[in-house]
Amino acid sequence: MTNPSSTIHSGGTVLVTGGAGFIGCAISATLVEAFDRVVVVDNLHPQIHASGERPAELAEAVELIVGDVTEAQTWDTVLATVTPDVVIHLAAETGTAQSLNESTRHAHVNVVGTTQLLDGLTRHQKLPRRIVLSSSRAVYGEGAWTRADGSTFYPGQRTSTTLDEGQWDFPDASPVAMKAATTFPAPVSVYGGTKLAQEHIIQAWAKSFGIETVILRLQNVYGPGQSLINPYTGIMSLFCRMAMGGKSIPLYEDGDVRRDFILIDDVASAIVAGALSATVQDEPMDIGSGEFQTIGTAAELIAKHYNAPAPHVTGQYRQGDVRHAWADVSDAERVLGWTPQYNLAQGIDLLANWIDAQPDVQPA
């Protein structure tokens, strides 16, 4: 594993977009150790940063520039004084459900924000040697499934009709772990479509200029430090707040939805490895815990922590959600020398203990 706390100093400047968010704060202290200069560009959006102030979790030595990645002026200001050796592109709108109602906002931030960054780098002739993109498992959509005869197929998006009938899985088929080298991307959400567009745009641009790319497709990230006010992300923190209030956690569909929950510590070490690794590959890599758990299992562990009532199945569903998702992390292990270190029970204990220690946290 690449351990952020023991990272070798590489020198130079790293520019992090969206770096005052959950992941950005988690990697900030390690980046300060690894680089001579760490510059973060973030608009401190109120959906994440209620106070609009610099987050306390952002390492003190980080230079924070408050600006909008979608505006050319932001990059003219930043790149007038910053010459990045590495760019870590985290800035994005991330709500799957929200993207159905705010498609333009997601496309503007995720796609135009990316092209504005690249145009700025070109305009100021400050090309980095490497760009690291935090992408998402949402690019796969439902991913690949196998039939009883061993053949592989891509079922595509589940319809409202089948979901209304409670047909959650695809008949006589089993899901397959997501792996960039073998699983064809087919997003079933606006958010997933914009993340795949990010990947394609960065790859095309970077190859034209001979710049290295590291594209990391993250599974469900959770853990201490995540937003407790953003209603569109963070199912694990929402479950914790429900259980804290003595409520039974409601489970969508039949409670057997599979997810790959990966603790923020493991995600942070993967991104740092992507920024510093001596070896990279052109193709995306998958970042997850290396195993799947059901939503029901996660809810049961959280309920047990809070001595709350057992979770209950509601049969509800959400448009744009996929049935099952988990990662094959072998490429990241091989290329970056990274491996996940935390299982779900360990991660939930860390998250719940952190939430319990936060002042003024309200049960959901």
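Two strands are said to pair if DSSP finds at least two bridges between them. In this predicted model, three strands form an open sheet in the order E7-E6-E8, with antiparallel pairing.

**The three-stranded sheet**

- The edge strands are E7 (152-153) and E8 (173-175), each of which pairs on one side only.
- Strand E6 (residues 145-147) is joined to E8 by three bridges, and the two run antiparallel.
- Within that pairing, arginine 147 has alanine 173 of E8 as its bridge partner.

- Helix H7 spans residues 235-244 and is mostly covered, with seven of its 10 residues buried.
- The buried residues of H7 are Met236, Ser237, Phe239, Cys240, Arg241, Met242 and Ala243.
- Strands E10 (220-222), E11 (250-251) and E13 (261-263) are among the elements that cover these buried residues.
- The cover also includes two helices, H9 (295-306) and H11 (344-357).
- Just after H7, glycine 246 adopts a positive phi of about 80 degrees.

**Threonine 114 in helix H4**

- Threonine 114 belongs to helix H4, which covers residues 103-123.
- Its relative accessibility is 1%, and threonine 114 therefore counts as buried, since the cut-off for buried is under 20%.
- Apart from neighbours within four places in sequence, threonine 114 is in contact with His89, Val109, Gln198, Ile201 and Ile202.

**Serine 208 in helix H6**

- Serine 208 is located in helix H6 (residues 190-209).
- With a relative accessible area of 60%, serine 208 is exposed, because exposed means over 50%.
- A polar atom of the serine 208 side chain lies 2.9 Å from the backbone oxygen of alanine 204.
- Serine 208 and serine 248 are 40 residues apart in sequence, and their C-alpha atoms are 53 Å apart in space.

**The cavity**

- The count comes to one cavity of 30 Å³ or more.
- The largest cavity has a volume of about 30 Å³.
- Its lining consists of Gln157, Arg158, Leu163, Arg318, Gln319, Gly320 and Asp321.
- By residue type, the lining of the largest cavity divides into one nonpolar, three polar and three charged residues.

Note on methods. Residues numbered from 1 in each chain as written. Predicted model: local features only at pLDDT ≥ 70, side-chain atom pairs only at ≥ 80, totals over all residues. Heavy atoms only, no water. 1 Å grid on protein atoms, 1.4 Å probe; cavity = no way out; pocket = protein on both sides within 12 Å on 5 of 7 lines; lining within 4 Å. Points joined across faces, edges and corners; volume = space filled by probe spheres on them. Nonpolar A, V, L, I, M, F, W, Y, C, P; charged D, E, K, R; others polar. Buried < 20%, exposed > 50% of the residue type's maximum accessible area, 1.4 Å probe, protein only. Helix = DSSP H or I, 4+ residues; strand = E, 2+ residues; numbered from the N terminus. Contact = heavy atoms within 4.5 Å. Polar contact = N/O pair within 3.5 Å; in protein donor to acceptor, adjacent residues only side chain to side chain.
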